[in-house]
Amino acid sequence: MPRIVTWLATAVMVVAANVIAAPHASAATYTPPALRQRVDLNSGWRFTKGDVAGAEATAFNDSGWQQLSVPHTWNAADGADGGNNYYRGVGWYRRHYTVPASFAGKMLFLQFAGANQVADVWVNGTYLGKHSGGYSRFRFGATSAFKVGQDNVIAVKVNNANNADIPPLSADFTFYGGIYRNVSLQVVDPLAVRMLDSAGPGVYLRQRSVTAASATVDVTTKLFNNYTSSRSVVVRTVVTDAAGNIVADQSLPARTVAANAGVDVVQTVTIANPHRWDGLADPYMYKANVEIRSDGQVTDVVTEPLGLRTFGVDPNNGFTLNGHPYDLHGVNLHQDRAGVGWAVDDTQHTQDFDLIREIGATTIRMAHYQHDQKDYNLADERGLVVWAEIPLVNDTTNSAGYTANARQQMIELIRQNYNHPSIVFWGIGNEQRVDNAATNALLDNLAGLVNTEDPDRVSVYASCCVSDTGAVNNHAEASGYNKYFGWYNGGYNDLGGNLDSLHAANPSRRIALSEYGAGANTTQHALNPAAPSPGGQYHPEEYQALLHEASWKQLDARPYVWGTYVWNMFDFAADARNEGGQPGINDKGLVTRDRVTRKDAFYFYKANWSAAPTLYITSRRWTQRTTAATELKVYSNAASVTATLNGVSLGSRTSADHIFKWTGVTLRAGANTFQVTATINGTPVTDTVTWNLN
């Protein structure tokens with residue numbers, strides 16, 4: 001249960017209850033009344049890049065500004081062209097909005113799902129406040145600033161310039177500027193669940209016990225009475241299954257809540273014979289509906305997802321879900337994509353998760369910052385275990401301001417995402433470059449904060465670039481290591497031995513491989529290439545595949561590694577880079593930044609991780625050949641694969657590692673067509689490529 005924190009200048013009452021009330025006699029099903037209203041404010045904005053004096057004023061003339069919709073970033077082009085010279089500074093947004101007369105008497109909150117990284121917000125020239133931190137949701141109370149039934153002007157100043165007191169200070173990705181996520185107006189009754197609890201839902205579901213026989217859940221509801229007089233209030237919690245059937249229903253006795261005062265209520269509900277959220281196999285979810293009632297009327301309802309599950313992390317045997325071993329193998333995810341940067345819409349988020357499910361991943365590390373709510377919702381629905389983290393990356397500032405903002409972002413991450421069943425790990429940092437007293441004090445502070453806010457999940461830290469046994473690894477409950485053997489150092493066959501040494505040095509440490517990988521340009525090719533220069537212009541696609549083949553073989557044999565995360569699922573913008581023939585791009589993705597091309601390594605993992613029939617000829621984009629001698633390599637989850645070249649049989653192959661090879665193959669001048677066939681789960685599957693020998 002998150003620690004209850006209230007900054008309003010009023011007293012807050014805390015009430016606890018363990019009352020199992022008789023179900024309401026109405027019906028066996030429940031549909032929450034639609035009381036809250038959400039107004040989409042994404043369209044109709046005007047924008048200008050640069051600081052403009054007086055742009056917050058209602059009468060300011062913005063007719064010459066660009067017209068656009070959000071999500072938007074001003075770095076979509078210059079943030080991915082190399083040279084590390086993209087614009088970091090101020091941008092202004094303005095839009096008009098007429099508040100309907102029906103909103104009279106309601107509470108109005110402006111909500112921003114994300115703006116990087118400092119946002120100042122005005123309504124009709126009235127300053128609502130500042131939010132510092134580029135990745136979390138934030139809200140401002142705007143009831144008194146808006147004029148009901150009239151035209152209103154919303155003005156937002158966003159600044160993505162470097163700020164020594166806001167993480168991240170530096171990282172290997174582009175820091176886009178702008179209102180790059182959704183904007184909305186939230187309309188609620190004055191007697192409602194709190195909106196200003198770090199922009200969290202105000203309802204928090206703590207799973208106390210989950211067994212086959214029953215599940216016990218503490219439901220903490222933070223409500224506030226914004227009326228000018230006291231109210232008699234009843235809090236009712238109704239838990240429904242996926243079909244809307246009531247499985248738990250209880251209400252607390254009515255109590256009086258003073259004007260302009262809050263109350264925090266804890267109810268304990270019990271669900272018999274719970275259907276558990278069980279990863280990819282069965283991501284089943286209930287809904288917890290919390291009603292606020294006064295004088296026989298429901299004034300507010302908040303509905304939150306409830307996925308009942310247990311988990312564990314063992315230093316020798318890895319991860320368990322609901323008491324059974326559950327292999328966590330997956331990818332790191334950046335929200336960046338070609339053409340739009342971070343300004344990703346819901347359809348694009350869904351496409352990303354379709355690709356992640358296609359490859360057969362069981363887990364996602366949402367690096368290196370809080371992601372859009374859509375990503376966490378999709379992880380819940382798809383059954384993907386999530387490592388969520390704050391943007392404490394690389395360098396830090398030893399200042400009270402920096403520590404306070406890091407703590408703020410940690411609290412926002414946890415409270416805004418507390419009820420997502422997919423989230424198991426809270427990441428406190430990534431790759432701090434020094435292992436000194438100030439860094440360790442900060443990490444210890446954040447690890448303690450995680451334990452206070454959410455003692456049931458696991459804090460984790462991703463280490464690189466300092467000693468693996470250094471103090472920075474000692475604060476979180478679990479350890480991740482970013483290892484790039486075969487790319488930045490050593491050879492790709494060194495990975496397993498390094499992990500064994502780590503495990504032997506501290507057998508009680510719970511170890512994950514939080515990053516590993518290599519770059520690949522899908523237009524560059526070679527047969528069994530040697531390791532290229534990471535910073536060079538030549539990153540053949542085949543080398544990335546070789547590294548992942550070797551890495552996965554070593555990881556799959558080590559059950560003590562509780563999670564493995566490929567860096568990265570998609571190529572992404574890193575404007576300081578100029579390598580692999582693609583300036584401004586980190587090309588370690590398994591899929592290209594535009595989501596058009598799945599690289600060879602993608603299909604290697606699909607053959608290993610997914611049950612879907614997979615049969616894929618590698619090097620397929622290397623269509624123009626100059627050497628006759630070659631090999632045919634296929635990734636498949638078939639037991640046997642048969643190949644032909646120009647209609648002539650090359651025979652069949654079996655494989656224990658999903659890699660099938662025909663060596664000593666000779667191409668003829670002109671076109672050469674390879675066809676491979678297999679039967680997978682009773683279904684015939686075929687793949688074909690044509691290579692031309694010049």
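Predicted model: local features only at pLDDT ≥ 70, side-chain atom pairs only at ≥ 80, totals over all residues.

Modeller: You will find Val187 in strand β11, which covers residues 183-188. Which residues is Val187 in contact with, leaving aside its neighbours within four places in sequence? They are Leu35, Arg36, Gln37, Phe103, Lys106, Met107 and Leu108. For a sense of scale, look at Gly134: it is 53 residues from Val187 along the chain, and the C-alpha atoms of the two are separated by 24 Å.

Next, follow the chain to strand β21, residues 286-294. This strand is largely enclosed by the rest of the structure, since 7 of its 9 residues are buried. β21 has strand β15 (residues 231-240) as a partner, joined to it by 7 bridges and running antiparallel. To see this pairing on your screen, find Val238, which stands opposite Asn289 in β21. β21 is also joined to strand β22 (residues 297-306), here by 9 bridges, and this pair runs antiparallel too. β21 and β22 form a hairpin with 2 residues between them, and in the turn Asp295 has a positive phi of about 55°.

Strand β30 (residues 458-463) runs parallel to β31 and is joined to it by 4 bridges. One of the places to look is Ser463, which has Tyr481 of β31 as its bridge partner. Strand β32 (residues 511-515) is likewise joined to β31 by 4 bridges and runs parallel to it; there, Ser479 has Ile511 as its bridge partner.

Helix α7 spans residues 600-609 and is mostly covered, with 9 of its 10 residues buried. Among the buried ones are Phe602, Phe604, Lys606 and Trp609. What does α7 pack against? On the α1 side, the contact is made by Leu355, Glu358 and Ile359, and on the α7 side by Phe602, Tyr605, Lys606 and Trp609. Sorted by type, these contact residues are 5 nonpolar, no polar and 2 charged.

A sheet is also involved. Three strands form an open, antiparallel sheet in the order β36-β38-β41. Its edge strands, β36 (615-617) and β41 (659-666), each pair on one side only. Neighbouring strands of this sheet are turned by 20° against each other on average, direction ignored. Between β36 and β38 there are 3 bridges, in the antiparallel sense, and Ile617 has Val634 in β38 as its bridge partner. α7 packs on this sheet, touching β36, β38 and β41, and its direction makes about 45° with that of β38.

Let's finish with Asn637, in the loop between β38 (629-636) and β39 (640-645). Is Asn637 buried or exposed? It is buried, because its relative accessible area of 18% falls under the 20% cut-off. The side chain of Asn637 reaches two backbone atoms: the oxygen of Ala612 at 2.8 Å and the nitrogen of Thr614 at 3.0 Å. Leaving aside neighbours within four places in sequence, the contacts of Asn637 include Ala607, Ser610, Pro613, His658 and Ile680. Ala607 brings us back to the helix, as it is one of the buried residues of α7.

Terms used:
Residues numbered from 1 in each chain as written. Heavy atoms only, no water. Buried < 20%, exposed > 50% of the residue type's maximum accessible area, 1.4 Å probe, protein only. Polar contact = N/O pair within 3.5 Å; in protein donor to acceptor, adjacent residues only side chain to side chain. Contact = heavy atoms within 4.5 Å. Nonpolar A, V, L, I, M, F, W, Y, C, P; charged D, E, K, R; others polar. Pairing = 2+ DSSP bridges. Axes fitted to C-alpha atoms, helices over the stretch in contact; angles between N-to-C directions.
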